[in-house]
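Have the viewer open as you read.

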Protein chains: 2
Amino acid sequence: MPMQSFINYTPDCDFPIENLPYGVFSTSDDETPRIGVAIGDLILDLKKTPNVFMGPLLEKKQNVFKQTTLNDFMALGKPYWKEARTSLQSYLSAENHKNKDQSTFVKQSDARMHVPATIGDYSDFFSSYYHAYNCSLMFNMAILRSNWRWVPIAYHGRSSSICISGTPVKRPIGQIIEDQSNPVPILSESKRLDFELEVGVFVGGPLNQLGETSDIGSVDDNIFGIVLLNDWSARDIQLWEMVPLGPFLSKNFATTISPWIVTMEALEPFKTENMKQDPTPLPYLLHSEPYNFDITLEAHLKTEKSTYKKLCQSNYKYLYWTAKQQLCHHMITGCNMRPGDLMGSGTISGPTDDSCGCLMELTFNGKNPIILDDSQTRTFLEDGDEVTFTGCCNGDGYRIGFGSCTGKILPHK
Amino acid sequence: MPMQSFINYTPDCDFPIENLPYGVFSTSDDETPRIGVAIGDLILDLKKTPNVFMGPLLEKKQNVFKQTTLNDFMALGKPYWKEARTSLQSYLSAENHKNKDQSTFVKQSDARMHVPATIGDYSDFFSSYYHAYNCSLMFNMAILRSNWRWVPIAYHGRSSSICISGTPVKRPIGQIIEDQSNPVPILSESKRLDFELEVGVFVGGPLNQLGETSDIGSVDDNIFGIVLLNDWSARDIQLWEMVPLGPFLSKNFATTISPWIVTMEALEPFKTENMKQDPTPLPYLLHSEPYNFDITLEAHLKTEKSTYKKLCQSNYKYLYWTAKQQLCHHMITGCNMRPGDLMGSGTISGPTDDSCGCLMELTFNGKNPIILDDSQTRTFLEDGDEVTFTGCCNGDGYRIGFGSCTGKILPHK
């Protein structure tokens, strides 16, 4: 039975009172970014709403809600996040309809969203089994027989180019090889521009100092929440540059995230079994309690000639390495994490052809074009294409939605 | 003929009036980090020194010198940096001995140094030809015949774990393979802990926005200055984790930099010929004017049983890809740079056996131990070992020194 709020919304709304994701927004009449909570099609403006967080922990921490980013709130840790949720659910509940003071709510359609945290470091994992399997097939890599089942493989990404949903993505230029039999590069627009359907996890709470590790039993206290993430990739640039040090320019021209951070508290009812891990991971990565989540993820494509068409449907539960394992691994050498750091999941692919999370997989590296309609096919993205990700958990009479993560490809010109 | 300052120092001092590197420091009686300039064995405290920067550009920008990091000053750009240098040289010149007001100077020995900028993103290149050549030999890689001579190869590094010279480095643990014929990992202390002799370049000035590239003819205006950089590396962790996405935990447990940023203006007299590049790079990377620098680099090792011994002597001029090429390449896909971003050079090795910039090369991957004295050899670093880098340019009657970049290995315990 869903909870009731004095804010009206339909059962298919992404942001019911069970969700309450955090974001940072501004409006035309107040251009300073500030923290808000999504409810229905509104935003509760935390900077302008007094007396929401009067519990024992947050009573003296009001300042964290008056910042331009969520970092300070993220730094507080799980007991604070839980109290905030309880306070917000109470404040917004149907019985407290006196709080329906319009001046504290802003329409989402009137708001401009911002990257919600200062992201000190962004790391991108490669944690989906089916994605790894498909890459192994396409590129004849032996990773599934060597390190991949032991190591939650990841690389460091670029923080500066993380942008908020809606930011256009200019087609990059870079070094590519046109004829693989004659490996002399040219400087060219990427001809193999791809999306990668991922989620990103924001970390927070008391984190390790340089040289310290952390225990798998406690790291879920450091996982704040989840966004959708598009790790745009230029496959032709990637293929040429990535040996021996991994992807660099092919991934750093833009990474798009959805604006609303869905908290782990909202996702708690959607926990599902972890994928079976064989071989058994090393003890520092071992946990038996479920920490996968049943989040349906979809990628949709709109072209200049047609409306949105679903390209694939995957699920966050197809992660082989859980976010707890990712985070614990990230700290094992003593690398210090900071509140607001972001971990990408890597492309999340499922077991079926239509659950592949990027065009490279969906088209088997460009060999099998996708038929969009009578007049259009795609191997990789074309100028004017707009890619939108959505994500949701289906509850009993409500859904926990992620909003959308959108970017349109602009010509390099 | 060297310039004269009212501060006394000997000709072998790292910080004569020709140098004037910038750093961020604090003292026991004022623990707020602040900007200073090294001269002799003193620091000119810019927060407490009035009327230094009264030129037409900086007159209204005094605030940049009152910050806790150099980012705002870095953001201004080359004309400002040049004016600052002229003003500082005038302020500190022998004829202005009236400025010898002791309250504006702090002894370097009384100061605690800090990472001098908020480093939004750190990227590490792989730009030394001899290092690449040696790696190719050791690991049977074909990179010199494939992409390396075309692409200034780099990977994204970790910002959070960049630490200032003197910070101890705890031996990391991680997944390693003990027996290569049986690739089942164990969690172990790294047994192949190495240093990498690098320099780091701080960027600044008006930089590109997301989606914009930059021209090789203008990027030297965006290069602020240089520090020594030790890219500590756990070779055993690296070998196991780095396929296919590059080094991650094996490099992110600590990166040490020297505290004083030597400006490109101070290095100008030490420009030297670029390395010959064959094949000719693509036009976006092509520049004919010299942008290599004759900077002698040394790595020294002190063990628990003996004093410092020089392990190698290399030179910044052995970079195949210049810092201009690195920066221009970094922006070619539209990746936006921010003032304070740091680019590591990659290990800088020279053509001779004693100019290899890391133990892996010096010992041919651990096969040929270095003999330190009658009772000590080294393949990789042991607990208690202290590694110090130095760098200098030898001028006529003066030297431009870099101070030192030091870290001591602590046991994991």
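## Confidence

pLDDT is the predictor's confidence in each residue, on a scale from 0 to 100. For chain A the mean pLDDT is 97, with 100% of its residues at 70 or more. For the complex, the predictor gives an ipTM of 0.97 and a pTM of 0.98.

This is a predicted model, where local features need pLDDT of at least 70 and side-chain atom pairs count only at pLDDT 80 or more, while totals for chains, interfaces and linings use all residues. Residues are numbered from 1 along each chain as its sequence is written, chains are lettered from A and ligands numbered from 1 in the order in which they are written, and side-chain values use heavy atoms, leaving out hydrogens and water.

## An open sheet in chain A

Chain A has an open, mixed sheet of 5 strands, ordered 9-26-25-20-21. Strand 9 (169-170) and strand 21 (309-315) of chain A sit at the edges with a single partner strand each, so one side of each has no neighbour in the sheet. Strands here are DSSP runs of E, at least two residues long, and helices are runs of H or I, at least four, both numbered from the N terminus; two strands pair if DSSP finds at least two bridges between them.

Strand 20 (residues 296-302) of chain A runs antiparallel to strand 21 of chain A, and 6 bridges join them. In one of these strands, strand 21, A:Cys312 is the bridge partner of A:Ala299.

## B:Thr322 in its loop

Over in chain B, B:Thr322 lies in the loop between strand 21 (309-315) and helix 6 (323-330). B:Thr322 is buried, at 1% relative accessible area (buried means under 20%, exposed over 50%, partly exposed in between, with a 1.4 Å probe and protein chains only).

The side chains of B:Thr322 and B:His287 make a polar contact of 2.8 Å (a pair of N or O atoms within 3.5 Å; within protein, one must be able to donate a hydrogen and the other to accept it, and residues adjacent in sequence count only if both atoms are side-chain atoms). Beyond neighbours within four places in sequence, B:Thr322 is in contact with B:Asn274, B:His287 and B:Tyr291, contact being heavy atoms within 4.5 Å.
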